[in-house]
Amino acid sequence: MRIAVIGGGPGGLYFGVLARRLGFADEVTVWERHEPDETFGFGVVLSDRALDGIERADAALVAELRPILARWDDIEVHCAGSTFTAGGNRFTAVSRTGLLTALQRRCARLGVLVRHGGEITDAQALAADHDVVVAADGVNSLTRQRLAAAFRPSVRTGACRYIWLGSNMELDSFKFYVVDTPGGALLVHAYPDSDHSSTLVLEMSETAWHAAGFADVAPAQLAPGEGDERSIEIISELCKDILGGHKLHGNNSRWLRFPTVHCQSWRHRNIVLIGDAAHTAHFSIGSGTQLAMDDASALAQCLHAHPDTEAALAAYEAERRPAVLSLQRAARASQEWFENVDRYTRQAPQQFAVNLLTRSRRVSYAGLRRRAPEFVGRAERWFAEAADGRAGPPMLQPFTLAGVDLVNRVVAAPGEVFSTRRGAPDDFHLVHLGGAALGGAGLVLTGPLSVSATGTAAPAGAGLYTGEQEAGWRRVVDFVHAHSPAKVGAQLGHFGPDGSAPPPGELRRAFTAAARRAVDGFDLLELDCAHGGLLSSLLSPAADGRGGEGRSLRERLAYPLEVFGAIREVWPAERPISLRISPARWYPDGEGADEVAEIADEFAARGATALHVCADSQSDADRYADRIRNRSGHDNGLAVIAAGPISAADVNTIVLAGRADLCVVDGSPVNWPWHAADGTSPRSATHDQP
């Protein structure tokens with residue numbers, strides 16, 4: 001084969017090495033627009049897995065790199081005068097210059113021709129006399145731009161400003177620093193790239209960037225290779241306690257916003273994209289260099305295995321796309337965390353550190369505990385002390401909800417609607433909900449209870465609008481109270497089809513009557529405004545046939561708030577009252593968090609004590625619960641309940657990181673495998689019954 005590579009970065013050069021090593025290419029030419037000594041960037045991070053893969057593919061390359069590698073095991077978090085260390089991470093870094101030099105030497109030895117100083121502007125012309133053209137021309141790929149109709153790219157620009165710098169500071173681990181500035185936090189990601197140098201990536205919100213004075217000094221444009229020296233001077237002053245007298249230096253360093261690149265296709269005829277040309281992942285979780293080298297390896301293996309070029313390129317994309325998309329999802333969660341870091345700096349330092357290390361949702365409490373038992377042990381002790389609990393996993397710590405004491409952070413709620421006789425619960429409900437309580441849940445919810453015969457969630461669904469129903473639920477609640485420490489909550493709503501709801505005044509009276517019936521026994525009352533109910537359709541901004549579309553939030557809130565005020569008047573002031581919502585259904589693009597927080601504030605101002613956020617995915621439930629708890633929860637006093645496909649193991653991560661106070665655990669409560677991280681069951685940890 002005759003192969004052309006556009007871009008002489010690590011991904012392009014590594015592909016050239018592998019193409020020659022595997023023997024499927026007689027001729028490989030790499031075109032690089034910069035001269036050999038024009039290298040921009042600083043340290044490149046590689047996981048141990050990536051390094052092992054490179055060694056298997058080309059042991060000679062790794063042998064050349066080993067003398068210049070920097071390795072570390074620990075990640076340190078420095079915030080609010082405290083330092084927290086989590087071990088067991090096993091990462092490696094190397095200077096970009098050192099990596100490129102080693103790759104260029106391997107290319108020379110293997111007969112890969114590298115042409116410097118010329119830019120390829122027409123990939124299709126190159127493709128005419130080559131079997132394959134590999135476009136490894138980076139985040140600003142000219143190939144991707146010129147063939148946009150084929151690759152169908154999209155670019156999402158991040159909200160933060162960031163800048164890459166180098167230093168002569170010697171580090172022995174990866175370190176996160178939170179630096180207070182007048183407009184918000186400056187986040188410093190610092191890691192060693194050799195025995196005597198380090199790389200620093202600094203990022204901050206647009207507000208903090210302006211308040212720190214960078215807008216006044218940062219040049220609108222810089223020549224290639226030129227750095228923003230005045231900004232570096234300001235950063236040196238802001239970070240003087242971190243630097244300890246060491247110097248910062250730039251290398252084509254300027255303030256940027258991170259572009260997340262997606263392409264619907266990575267190939268067009270015999271032209272294929274790899275690395276940043278095809279996709280990017282935020283630097284806080286993904287190394288662009290490692291991604292590019294992984295792409296190069298997969299592409300080389302597919303070209304070696306498939307004699308047909310079209311089949312090889314299709315196999316490459318099929319293999320790599322799922323892994324890249326998974327990493328991009330995690331990277332977006334991490335990026336959004338850093339873009340909103342100012343809401344988390346109000347957390348206790350220990351909780352902030354846990355939140356930071358689990359921000360991508362790829363690192364769990366259980367995984368962190370295996371890797372860094374001392375770090376997690378310290379966090380557990382802090383959390384237990386803050387909760388007035390005793391030693392053990394976070395999910396087992398008590399929580400007080402508006403005067404009602406819950407023995408742990410686990411909530412059980414039926415995942416489906418069960419048939420009843422005339423809307424009254426029977427033995428099945430007693431066994432089902434009683435089993436959840438005996439299984440160890442701190443709070444058990446009834447599932448949807450209609451306030452009228454026309455508003456049941458399913459044919460013969462449960463309700464709380466007759467004396468018979470009231471007596472049936474009192475039997476269930478009395479059983480739970482007699483045999484477990486669990487509390488029980490009633491979920492009131494109207495779930496009938498369009499047109500089934502009575503007039504507003506009559507419906508309001510129905511909610512009030514149901515709330516009065518719940519007073520005798522239930523510990524918590526919940527107004528169900530989640531998907532499928534009348535009140536949800538009134539709150540939703542989407543078109544649904546019930547008049548939600550086109551109205552302001554204030555207008556959409558009017559009737560649900562009226563209903564809530566009516567039940568709040570009859571519900572005892574000393575008992576909690578919750579609001580259940582499904583924001584991911586209202587805002588499927590994930591952009592409605594501010595409006596959801598405003599909804600939460602309005603209900604909190606009228607006496608709500610908890611917000612139950614439910615979603616179809618854990619990430620949605622986690623994200624919205626997090627945004628509400630850490631954006632407005634400190635101001636309105638609402639406890640936050642997260643509900644979605646959340647396993648018992650997930651609860652530890654979510655509550656320890658401060659993303660929610662309580663979690664609804666997914667699955668059948670009768671058959672829950674009640675095991676926390678140390679094998680302790682909630683039941684044995686909460687009461688002494690055999």
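**Cavities, cores and a pocket in a predicted model**

The structure holds three cavities of 30 Å³ or more. A cavity is a set of points, on a 1 Å grid over the protein atoms alone, where a 1.4 Å probe fits but cannot get out. Volumes are the space filled by probe spheres set on the points, with points joined across faces, edges and corners. The model is predicted: local features need pLDDT of at least 70, side-chain atom pairs count only at pLDDT 80 or more, and totals for chains, interfaces and linings use all residues. Residues are numbered from 1 along each chain as its sequence is written, and side-chain values use heavy atoms, with hydrogens and water left out.

The protein chain has 28 helices and 28 strands. These are DSSP runs numbered from the N terminus (helices H or I, at least four residues; strands E, at least two). For 690 residues, a compact globule would have a radius of gyration near 26 Å; the chain has 29 Å, which agrees. The radius is taken over C-alpha atoms, and the globule rule is 2.2 Å times the number of residues to the power 0.38. The C-alpha trace spans about 85 × 55 × 55 Å along its principal axes. Buried residues make up 58% of the 690. Buried means under 20% relative accessible area, with a 1.4 Å probe and protein chains only. Among contacts (heavy atoms within 4.5 Å) with a separation of 6 or more, 72% join residues 24 or more positions apart.

The second largest cavity has a volume of about 40 Å³. Its lining residues, which have an atom within 4 Å of a point, are Gly158, Ala159, Cys160, Tyr162, Glu203, Phe258, His282, Gln335 and Glu339. Four are nonpolar, three polar and two charged. In this scheme Ala, Val, Leu, Ile, Met, Phe, Trp, Tyr, Cys and Pro count as nonpolar, Asp, Glu, Lys and Arg as charged, and the others, Gly among them, as polar.

The second largest pocket has a volume of about 930 Å³. A pocket is an open set with protein on both sides within 12 Å along at least five of seven lines. Its lining has 36 residues; Arg329, Arg332, Ala333, Glu336 and Arg623 lie nearest the centre. Helix H13 (309-339) is one of the elements that each supply at least two lining residues. H13 gives the largest share, 12 residues. By class, the lining has eight nonpolar, 13 polar and 15 charged residues.

The largest nonpolar core has 107 residues, and Phe375 and Leu527 have the most contacts inside it. Helix H22 (residues 553-570) supplies the largest share of this core, seven residues. A second, separate core of 66 residues includes Ala102, Leu126, Leu291 and Leu327. Such a core is a set of buried Ala, Val, Leu, Ile, Met, Phe, Trp, Tyr and Cys residues joined through side-chain atoms within 4.5 Å.

Leaving aside residues up to four places away in sequence, Leu527 touches residues including Pro560, Val563, Phe564, Ile567 and Ser578. Ser578 lies in strand E25 (residues 577-581). Ser578 is buried, with a relative accessible area of 0%.

Ala353 lies in helix H15 (residues 349-357). Ala353 is buried, with a relative accessible area of 0%. Beyond neighbours within four places in sequence, Ala353 is in contact with Val77, Phe84 and Phe375. The C-alpha atoms of Ala353 and Thr85 are separated by 9.0 Å, although the residues are 268 apart along the chain.

Technical notes:
Buried means under 20% relative accessible area, exposed over 50%, partly exposed in between (1.4 Å probe, protein chains only).
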